[in-house]
Amino acid sequence: MFDPDIAPSGTLLGLLQRGRGDGTLHALAAPRAEALAALNDSVLRDPRRDWQVENRSLYYARLYMQLDGGLEEIERHLFHPDDRIDTGEERTGLALAVLGHLAAYGRDAARLLLRSYAAVGSNWRWALDELALRDDDAGLMTLAPAVLARFPDTEEGRAELAAAVRDAFEPRPWRLWAEDPRYGVRLAAAGEQGSFDRWQRQLRPRGPRPGWSVTEVLEWAEQDLDLRPGERRHIAAARCLAAVVGPEDRPEVLRAARSGPDAARAAALHHLAERGDPDVLDLIEIAAVDPVSSESLVSAALASFERMRSVAAVERSRVWARRQDRLGASAAAMLARRGAKRDTELVLAALRRTVREAGPDADALWELVDGAGRLGVGCAAPVLRHIYRETSSSHLRGRAAGALAVTDPGFAAGFAVECLWDCEETTRELAARHAATGDDRVVEQLRRLAADPAEEAEVQTAVRSRFGPDASAV
C-alpha cells in the first residue's frame, strides 16, 4: 500500500486515475493529445492506493485502443535507466499488464515490447507471465536463452533458478523450455530442487508441538517478537489455545487477557472472542480504551471483537457505537454488518462522521458503506454520492455504487450509466444489471461488453440478462 498523488476528481486526469467510467467518456470527448497525455500519466505513474488488488489495466488498454494511442511513452518508461535501480513491481507492473491486454487485442507492437522487456528488464517475471497467456510457443522459445542466462551455473544461480521455476505464476514457459533438449536437464534439476525446498520447509516447523500447555503456548506467543517486528503470532497462538484449553484453564486465559504481555494478551482475547466467553467484551473494552495500551494490542483487541458473531456483541455495539474513538468505529462497523433497522441512525452518523473527519478514502468507510446499502439507509445517498465521486479507491467506489443502487432512486439513470465503463468488473456487472437503457450509450456499451473477449464472464452474464424477451429496449 502507498499513497499516490491523485489529481482532483473533476479533472480528466483525476477521473482516469480513479478508473471511473466518466474518465473514458471524457477522454473520448477531449482533444486526442490531451486525452493521451492523461492516459500515459495514469499508466506510467500507477495511481492505485493498493496496486495489488485494484484493477486498471483493462480499463487503460481499452482506452488506448479507442484513442489509437501509440506505445512510445510506455517503451521509454520500461527501458529507462531507472529500471536498473527501482526494481519494484509497482513501477512497471501496470504498464506491463496494459501491454498484456493490448497484445490480447491483437496489438503486435505490445507483444514485441513485452518480449524485449522480458529479455532485459528487471521486472521480467511479470512480462513473462503476460506473454505466457498471450504469446505463441515460437515467441516464448525465443526468450529461453535470455531468461536462463540470468541464472549462472553456480550454487547461488541454481538456487535462484529453482526458486523462479517453483514460484512462477504462469508455468507455461518453463514447461515449454523443459521439453527442449538444450534446457531440459537444467530445468528438471531446478524443478526437483523446488520440490525438495518445499519438503524441507515442512520438516522445520517453528510453531508449538503436541503436548504444550496453555502456559507454553502463551510464552511462545511472546518469543522472538523483537527479532520479527510486525509478526502477528498471536493469531497462531490463539489457534493453538483452541486445541489445548480445557475448562480448568479458563482462569489462566482470563488472567492473560486482562494483564498479560501484549502478544499473550492478544492471543487470549482472540481465543475468548472466538468462543463467545461472557467476560471477553469487558476485557476487549479495557484493552482498547486503556491509554497505555500499545497500538498492536489495541488493533488485536478490536480485530477480535470484529470477528464475533454473537447477539451479545451486537448489543454491546449499540452502546459503544456512540463513542468517538476506535472502539466506537469498530462497534459502528459491527452494526453495519450485523445490525437491524433500529441501528440505521448509528450507522449513518458513523458514516457521516468518518467522511467528515477522515475523508473519502478512510478504511473505516468500507463496512459503513456496505451497511448503508444493507440497511437501506435512504438518507445516506448524498454522502454515498460524495464517496463515489471523490474516493481514489476503485473498490470503495464500487461498494458505494452498490449502496446507491439500493438507496438512490436516480442511480439507474445516473451513476449506473458511467459504471458501465468502470475499471472494476464487479462495478460493471452492477451497472449491467441496473443502468437505464433510455440512453443510447447504454445500449451500445452493453453490446460492446457482450462481444468483448477480454470481459469477465460475470459481466457478460449480467449483460445477457438484459437481452431477454422482456428487454425489447436493448
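## Arg107, a buried arginine in a loop

With a relative accessibility of 18%, Arg107 counts as buried, because buried means under 20%. The structure described here is a predicted model, and in this model Arg107 is placed in the loop that runs between α7 (89-104) and α8 (108-120).

The surroundings of Arg107 can be read from its contacts: when residues up to four places away in sequence are not counted, Arg107 touches Tyr64, Met65, Gly69, Gly70, Leu71 and Leu102. One of these, Gly69, has its backbone oxygen 2.9 Å from a polar atom of the Arg107 side chain. As for Leu12, which is 95 residues apart from Arg107 along the chain, the C-alpha atoms of the two residues are separated by 26 Å.

Asp452 is found in the loop between α29 (440-451) and α30 (457-464), and at 10% relative accessibility Asp452 counts as buried. The side chain of Asp452 is joined to the side chain of Arg62 by a polar contact of 3.0 Å, and a polar atom of the Asp452 side chain also lies 2.9 Å from the backbone nitrogen of Ala454. Once neighbours within four places in sequence are left aside, the residues in contact with Asp452 are Arg62, Tyr105 and Gln460.

Glu424 belongs to the loop between α27 (415-419) and α28 (425-434). Although Glu424 is buried, it has no salt bridge; the nearest side chain of opposite charge is that of Arg56, at 4.3 Å, and a salt bridge would need the side-chain nitrogen and the carboxyl oxygen to be within 4 Å. The side chain of Glu424 does have a polar contact of 2.6 Å with the side chain of Ser394. Not counting residues up to four places away in sequence, Glu424 touches Glu54, Asn55, Arg56, Ser394 and His395, so that Arg56 is in contact with Glu424 even though no salt bridge is counted for Glu424.

## Aromatic pairs and a cluster

A search of the whole structure finds eight aromatic pairs. Among them is the pair of Trp124 and Trp174, which is edge-to-face because the ring planes stand at 65°, over the 60 degrees required, while the ring centres are 6.4 Å apart. This pair links distant parts of the chain, since Trp124 lies in helix α9 (residues 124-134) and Trp174 in helix α13 (residues 172-178), 50 residues apart. Trp124 counts as buried at 4% relative accessibility, and Trp174 likewise counts as buried at 7%.

The rings of Phe305 and Trp320 make another edge-to-face pair, with centres 5.1 Å apart and planes at 65°. Here too the pair links distant parts of the chain, with Phe305 in helix α20 (residues 295-306) and Trp320 in helix α21 (residues 311-320), 15 residues apart. Phe305 has a relative accessibility of 0% and counts as buried, and Trp320 counts as buried at 2%.

Trp124 and Trp174 also belong to one aromatic cluster, which they form with Phe151 and Trp177.

## A charge over a ring

Another arginine is placed against an aromatic residue: Arg233 lies over the face of Trp220, at 4.8 Å from the ring centre.

Notes
Residues numbered from 1 in each chain as written. Predicted model: local features only at pLDDT ≥ 70, side-chain atom pairs only at ≥ 80, totals over all residues. Heavy atoms only, no water. Phe/Tyr/Trp six-rings, centres within 6.5 Å; stacked < 30°, edge-to-face > 60°. Helix = DSSP H or I, 4+ residues; strand = E, 2+ residues; numbered from the N terminus. Buried < 20%, exposed > 50% of the residue type's maximum accessible area, 1.4 Å probe, protein only. Lys NZ or Arg CZ within 6 Å of the ring centre and 35° of its normal. Lys, Arg positive; Asp, Glu negative; His and termini not counted. Polar contact = N/O pair within 3.5 Å; in protein donor to acceptor, adjacent residues only side chain to side chain. Contact = heavy atoms within 4.5 Å.
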